[in-house]
Amino acid sequence: MGRLILRRGGTGGLLVLASTLLLFLAGEMMPGDFASKLLGASATPETVEALRLSRGLDASPVARYLGWLGGLLHGDLGLSLTNGREIGALIASRLGNTLLLAGLAAAVAVPLALALGTLAAIFRDSWIDRAVLVLTMVTVATPEFFFAYVAIAVLAVELNWLPSISIPRPGMSVWEVLQVLVLPVLTLVVTSTAHVARMTRASIVAAMDQDYVGTAMLKGLPPGRIVLRHILPNVAAPVSAVVVMTLADIVVGLIIVETIFAYPGMGQLMVDSVAKRDITVVQACGLIFAATYIFLNMAADMLAIAFNPRLRTAR
Amino acid sequence: MKPEPAMQVPLLDIDRLAIEAPGRDGAPLRLIDGVSLQLAPGRVLGLIGESGAGKSTLGLAALGVLRGGQRVASGEVRLAGQALGRLDPRAMRRLRGREVAYVAQSAAAAFNPAQRLIDQVTETALACGMSRADARARATGLFARLGLPDPERFGQRFPHQASGGQLQRAMTAMAMCAGPRLIVFDEPTTALDVTTQIEVLVAVRSAIREEGMAALYISHDLALVAQMADEIMVLRHGRMVEHGPVRQVIDAPKSPYTQALIGARGLVRTPRPAAPPILQIRGLDAAYGEMKVIGGLTLCVPEGGTLAVIGESGSGKSTLGRAICGLLPWSAGEIRFAGRPLSAGLRRRSRAELKEIQLIHQLPDLALNPRRSVGAAIGAALERFRGLRGRAAREETARLLAQVELDPGLAARLPGALSGGQKQRVCIARALAAEPRLIICDEVTSALDPLIAEGVLKLLSRLQAETGASYLFITHDFGAVASIADEVAVMRQGSLVASGPLAEVFAAPSDPYTAALLEAVPQLSPGWLDEIAARRSLPDTARKDHAV
């Protein structure tokens, strides 16, 4: 098992390395140039070139890539092309906001999805089951941006219950901050609940048909104990895997949701930086998203191992 | 002294029970039709019958369980004086595990893979209010009594860390742990090899006797039931056919059906004179990836005769069949067919070579495409190997179906509309369609009920006489071997342990493994298991206290 974990960890490291290369190449291929964007149309070619030189863009791509990698190994994300500031400091404040939003969304979405899936499985083929099925089909087919704009149109514009932009300001009370966050969290919850709910339902239904659940019934165990002791331990592995994958989906979904609600998080920073052709910031944000995604996938694998005695213990 | 059964209140009293399930056309289907039985404490009743006879339905009814849509049409089941039909779910649950427990056919599937065995074994005892320490001590004692290795630590294993035979014994321990008065055993050894089966039988029987529990022992194997039970009840189509003490049912069966069941075991083949080999295998090695399955195997199939390959699961006998057919390329050695060497891989064999060797699988359900009619399945073989199409193919299909004793009208049916025995006959007809010289029969009767299997064996013998085809008959069923084989090869862990003419190998086995296998084949004589147990002088006290 230790070796298995090491191997997964090693694969994860390689994947992160591969993503740095992809991000760097994508940045190189991006059309446009930060310096001409920053200085405007009136700038002379000399001033543009001078700005490029001052950011070290005269070096060869290989040297810049290796320099970036070397910096990353020391925890240095590099300097922003546009304003020459430390990217690390730039991101730090945004990362907190993003984690808050993602955390809130996950805290609502995961228990909700587990509950819906379990209810649908226990009341299989009843109206509850069908309602969950239809609901999840609709939400899984709805893109984040579509739901977000519909929610804004109805809840913010028509009914005027909630603000349409979500910018927490210093001095707001916790209650006010939460109010500001309702719409983006709602969007993320609605679009990410479906997979977990359906997977939970499918896993529990499959487990209920297993012989060992029949055995538990013939042992005279009450239904609650059968669910807790005999069904849930066996669905933990597949369900935890899809939960973790959904967390990864939430992180990626943030890029769109933050932009729509003008929420000052990592996703919005990344989109802004693309507009400004601030390639180093785009690369740093992309790397953080990629690493999160890879880490969560690794975590899903680890959980699957932890929940499966066949993998956990030698024969 | 055990009091006479008649003087006691019966522990289990099934009174004119009828159970119905919704049928295909909406009309109710009678699964159990007016069966009555009484079981006194400490007695063992063997329930016997073919699949669909209602044995399991009756067994589960003793636990108050009705499966998918079943309902009690009339009659009732009383356990320890309580009518199960009138209990609410809570009271019903209190009976299960404490008064009556269940041992399933496949213990491997019946254990929760995510929990240690000890937690599952002690679960009902704990629910009854036994302390954790007492329950564990009780479980450990039962593990020891059932002959499980290292009883102190055995319970720490997960199900995947124990073998099939061990799990079956662990499940018996689980059923016994809370000290129920009745245990329902539903085909508990059907999935096991003969040598494993006998260990489980000896252990389970001595445990039942020592614990003084009553049991319903369900099986399709009359010989097994004769060893385990005090009385036998024969069921057919949900009705009781015969019921009486073991001796009486075995020695003087009254109903023709019971007589046929006993007779099915007596089919014996007259051996053929030795013939030159049609298939010669020399020094064969075969492996699945890294795992070597067959090593240095040498044997011959006589032309027009039958070689039976016997062995337990994992002995490599099915792998041998796959290698001969070309489904699994071998790594060393040679296979010669009619004097010419065969290529190892399927792709390098000519169509003529493929035609000459046909394979019949163990499970006809999996061997027939469920979406393809019987006629289409046979017709495909006719077209590929003999170039027959259209009317000629239809006529030949009808002839083949008649040859395997099926109604030619079945050609239009899908396999799902046929019974297990009919499906296996279709597979035989499909193999015959190629007019092969060698047919590899891989456990062709092991999924069938005894009487159906007997019919298939008779059919195969007749077809051999008619077509002159040679058989390589792979099986773990010794009864089948005696009725079809001229020569026998015994395999163990991928190599040959014994081989030769049937009479020689069976009458005087020269090696201990063959002798042990033969000894483990259940015999109808009711004292057989006692003799085995005595000969093995098990460390327990199996016979000392028959009457607790």
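In this predicted model, strands β4 and β5 (residues 82-83) of chain B run antiparallel and are joined by 2 bridges. B:Leu79 stands opposite B:Gln82 of β5(B). The hairpin formed by β4(B) and β5(B) has 2 residues between its strands, and B:Ala80 there takes a positive phi near 50°. Strand β4 (residues 71-79) of chain B is also joined to strand β1 (residues 12-22) of chain B, by 7 bridges, and these two strands run antiparallel. Within β4(B), B:Val77 is the bridge partner of B:Ile14.

Leaving aside neighbours within four places in sequence, B:Leu12 is in contact with B:Leu37, B:Gln38, B:Leu39, B:Ala62, B:Val77, B:Arg78, B:Leu79, B:Leu182 and B:Leu216.

**The six-stranded sheet**

An open sheet of 6 strands is found in chain B, in the order β16-β17-β18-β13-β19-β20, with mixed pairing. Its edge strands, β16 (357-360) and β20 (495-501) of chain B, each pair on one side only. From one strand to the next, the twist averages 15°. Strand β17 (residues 438-442) and strand β18 (residues 470-475) of chain B run parallel and are joined by 5 bridges. In this pair, B:Ile440 stands opposite B:Leu472 of β18(B). Helix α22 (residues 512-520) of chain B packs on the sheet, where it touches β19 (487-492) and β20 of chain B; the direction of the helix makes about 105° with that of β19(B).

**Chain B as a whole**

Chain B has 23 helices and 20 strands. Its radius of gyration is 25 Å, close to the 24 Å that the globule rule gives for 548 residues, so chain B is as compact as a globular protein of that length. The C-alpha trace of chain B spans about 70 × 55 × 45 Å along its principal axes. Of the 548 residues of the chain, 53% count as buried. Among contacts in chain B between residues at least 6 apart in sequence, 69% join residues at least 24 apart.

The domain assignment gives domain 1 (5-266) and domain 2 (277-507) of chain B. The C-alpha centres of these two domains lie 36 Å apart. To the contact between them, domain 1 of chain B contributes 12 residues and domain 2 of chain B contributes 7 residues.

B:Gly97 is located in the loop between α2 (89-95) and β6 (100-103) of chain B, whereas B:Met171 is placed in helix α8 of chain B. Both residues are listed below.

| Residue | Relative accessible area | C-alpha separation |
|---|---|---|
| B:Gly97 | 4% (buried) | 37 Å to B:Glu443, 346 residues apart in sequence |
| B:Met171 | 1% (buried) | 9.2 Å to B:Gln120, 51 residues apart along the chain |

Not counting residues up to four places away in sequence, B:Gly97 touches A:Leu218, A:Lys219, B:Thr124, B:Ala178 and B:Pro180.

A:Thr215 and A:Leu218 are among the buried residues of helix α9 (residues 211-218) of chain A, together with A:Tyr212, A:Val213 and A:Ala216. The buried residues of α9(A) pack against α8 (174-208) and α10 (223-260) of chain A, and also against α1 (55-61), β6, α3 (107-110) and α8 (164-176) of chain B. Just after α9(A), A:Gly220 takes a positive phi of about 80°.

Terms used: Residues numbered from 1 in each chain as written. Chains lettered and ligands numbered in written order. Predicted model: local features only at pLDDT ≥ 70, side-chain atom pairs only at ≥ 80, totals over all residues. Heavy atoms only, no water. Pairing = 2+ DSSP bridges. Helix = DSSP H or I, 4+ residues; strand = E, 2+ residues; numbered from the N terminus. Contact = heavy atoms within 4.5 Å. Axes fitted to C-alpha atoms, helices over the stretch in contact; angles between N-to-C directions. Rg over C-alpha atoms; globule rule 2.2 N^0.38 Å. Buried < 20%, exposed > 50% of the residue type's maximum accessible area, 1.4 Å probe, protein only. Domains from an automatic or database assignment.
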